[in-house]
Amino acid sequence: MSMLELRKISKVYGQGASEVQALHEIDLWVDPGSLVAVMGASGSGKSTLLTIAGSLEAPTSGEVVVGGALLSEMSRNDQARMRRRSIGYVFQDYNLLAGLTSVENVSLPLELDGVSAKKARAAGMAALDELGLADRASHYPDELSGGERQRVSIARAVVGDRQLLLADEPSGALDSTNGEAVMRMILGACKRGVAAVVVTHDAQLASWAERVVFLRDGRVVDQTMSPPSPESLLQPAPHS
Amino acid sequence: MSVRYALLALLSEGPKYGLQLRQEFEARTGEVWPLNVGQVYTTLQRLERDGLVESEDDAEEGPQKGFHLTPEGHAELTDWLRTPPDLSSPPRDELVIKVMVAVRMPGADVHEVIQVHRRYLIELMQQWTRLKEDEAEFDLGFALVVDAELFRLDALVRWLDAADGRIKRAASEPPRPESFPMPKLRRRIGARP
């Protein structure tokens with residue numbers, strides 16, 4: 001069963017002359033443990049796709065299925081609970097709370113969900129430790145580098161038992177070394193069974209995904225085929 | 001990189017035998033550039049003739065003959081390291097030509113043409129990235145080669161993205177008078193004929 005399934009998702013903003021169709025009948029599925037990248041230019045609809053997949057916004061038509069459950073059949077409260085428990089979000093600008101330390105930021109979603117402060121903190125520490133950030137647990141966001149902030153936000157996205165990770169340009173403001181570290185972490189989460197969707201315009205980021213879906217003017221226009229083994233790259237050229 | 005400078009580079013680390021030079025050359029280039037043993041010895045003979053390397057006088061010709069760099073060889077290598085490769089002329093890029101032809105060809109869907117190439121490049125990048133994931137962390141030389149290839153392919157994808165956007169904008173603007181500035185451009189920047 002797919003962890004995330006989008007069935008003929010369309011999204012229209014505005015009405016009449018000012019109507020803008022942001023998404024046209026998008027079909028997309030992401031299995032547990034797999035990383036899918038959505039590539040497209042600015043305005044192609046990729047961020048809208050992500051907010052709809054994460055139930056932060058409702059589609060105009062079509063169905064979103066998360067972990068086998070139809071969002072349209074869930075109450076607002078149930079949707080909010082599912083967002084807190086099952087979905088982790090990673091944004092380009094990190095969205096960490098400035099007044100909280102790294103471990104407090106990471107454990108906050110669990111506490112909001114009713115987990116005891118002690119247990120939430122232990123889970124937060126475990127998530128930070130897993131991403132090599134245990135020594136930054138007591139630091140505030142303004143005491144961290146950009147790369148560290150994004151790694152903390154990934155720890156927050158995967159803390160507890162989250163099964164779906166949604167990332168919007170997760171390394172947009174980072175250099176290539178930190179961007180690579182971020183993608184390795186997302187891939188690491190996938191190897192533990194998390195399903196991940198990364199939207200990006202960056203080809204190097206997208207190439208970490210096993211499948212890349214191309215969006216243009218709100219439509220899926222193409223996607224990558226299963227690439228052959230990388231060993232084929234290492235065959236000597238015929239002329240050498 | 002020519003075999004000549006590759007051998008000078010290997011000998012800058014210390015004296016080596018012919019066979020050892022061949023094995024290290026292959027190891028450093030990620031085994032993507034295998035040499036035949038004849039190439040190594042012919043090049044070594046030329047380097048010796050030019051006074052850039054010296055062989056052990058008493059050794060016989062063959063895989064066990066040792067070589068070391070002379071001060072002139074070291075100077076030649078240092079000079080080569082600091083000489084930028086000639087990148088002043090735009091290469092004759094088949095991808096660029098195909099997109100330019102598609103723009104002018106009646107009935108061609110240039111965005112679809114661009115997407116075909118974009119997908120191919122990303123699929124190649126996925127393969128290179130898999131290599132990085134599995135092995136590159138463990139070998140600096142190999143990681144540098146993989147990064148160079150990823151950045152080269154990335155630059156092509158970025159160009160396709162820019163071309164896609166430019167062509168889309170141009171389609172919504174009033175047509176301009178026909179012009180084809182390439183010959184002028186090539187002369188100005190001194191491109192090879």
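Biologist: Among contacts in chain B between residues at least 6 apart in sequence, what percentage join residues at least 24 apart?
Modeller: This is a predicted model, and chain B in it has eight helices and three strands. When contacts in chain B between residues at least 6 apart in sequence are counted, the share that joins residues at least 24 apart is 57%.

Biologist: In what order do the elements of chain B run from the N terminus on?
Modeller: Chain B holds eight helices and three strands. Read from the N terminus on, these elements of chain B follow the order α-β-α-α-β-β-α-α-α-α-α.

Biologist: What percentage of the accessible surface of chain B belongs to carbon and sulfur atoms?
Modeller: Of the 193 residues of chain B, 35% count as buried. The accessible surface of chain B amounts to about 12400 Å², and the part of this surface that belongs to carbon and sulfur atoms is 57%.

Biologist: Is B:Met105, a member of a nonpolar surface patch, buried, partly exposed or exposed?
Modeller: B:Met105 sits in the loop between α5 (94–104) and α6 (110–134) of chain B, and together with B:Ile97 and B:Val101 it makes a nonpolar surface patch of about 270 Å². Because its relative accessible area is 48%, which falls between the cut-offs of 20% and 50%, B:Met105 counts as partly exposed.

Biologist: Turning to chain A, which residue of β2(A) stands opposite A:Ile9?
Modeller: Strand β1 (residues 4–13) of chain A pairs with β2(A) in the antiparallel sense, over seven bridges. In the hairpin of these two strands, which has six residues between them, A:Gly14 takes a positive phi near 75°. Across the pairing, the residue of β2(A) that stands opposite A:Ile9 is A:Ile26.

Biologist: Is A:Glu25, which has a positive phi, buried or exposed?
Modeller: A:Glu25 lies in strand β2 (residues 20–30) of chain A, and its phi is about 40° although it is not a glycine. Because its relative accessible area is 53% and the cut-off for this class is over 50%, A:Glu25 counts as exposed.

Biologist: And is A:Glu169, which also has a positive phi, buried or exposed?
Modeller: A:Glu169 is placed in the loop between β7 and α6 (176–191) of chain A, and its phi is near 45°, although it is a residue other than glycine. Because its relative accessibility is 9%, under the cut-off of 20%, A:Glu169 counts as buried.

Biologist: Which residue of β7(A) is the bridge partner of A:Gly88?
Modeller: In a regular strand, side chains alternate between the two faces of the sheet. Both faces of strand β6 (residues 87–90) of chain A are covered, with A:Ile87 and A:Tyr89 buried on one side and A:Gly88 and A:Val90 buried on the other. Four bridges join β6(A) to strand β7 (residues 164–168) of chain A, and the two run parallel; in β7(A), the bridge partner of A:Gly88 is A:Leu165.

Terms used
Residues are numbered from 1 along each chain as its sequence is written. Chains are lettered from A and ligands numbered from 1 in the order in which they are written. This is a predicted model: local features need pLDDT of at least 70, side-chain atom pairs count only at pLDDT 80 or more; totals for chains, interfaces and linings use all residues. Side-chain values use heavy atoms; hydrogens and water are left out. Buried means under 20% relative accessible area, exposed over 50%, partly exposed in between (1.4 Å probe, protein chains only). Two strands pair if DSSP finds at least two bridges between them. Patches are made of residues with over 30% relative accessible area and no salt bridge: like charges are joined within 9 Å, nonpolar side chains (Val, Leu, Ile, Met, Phe, Trp, Tyr) within 5 Å. Accessible areas come from the Shrake-Rupley method with a 1.4 Å probe; for residues, only the protein chains shown count as cover. A salt bridge is a side-chain nitrogen of Lys or Arg within 4 Å of a carboxyl oxygen of Asp or Glu. Contact means heavy atoms within 4.5 Å.
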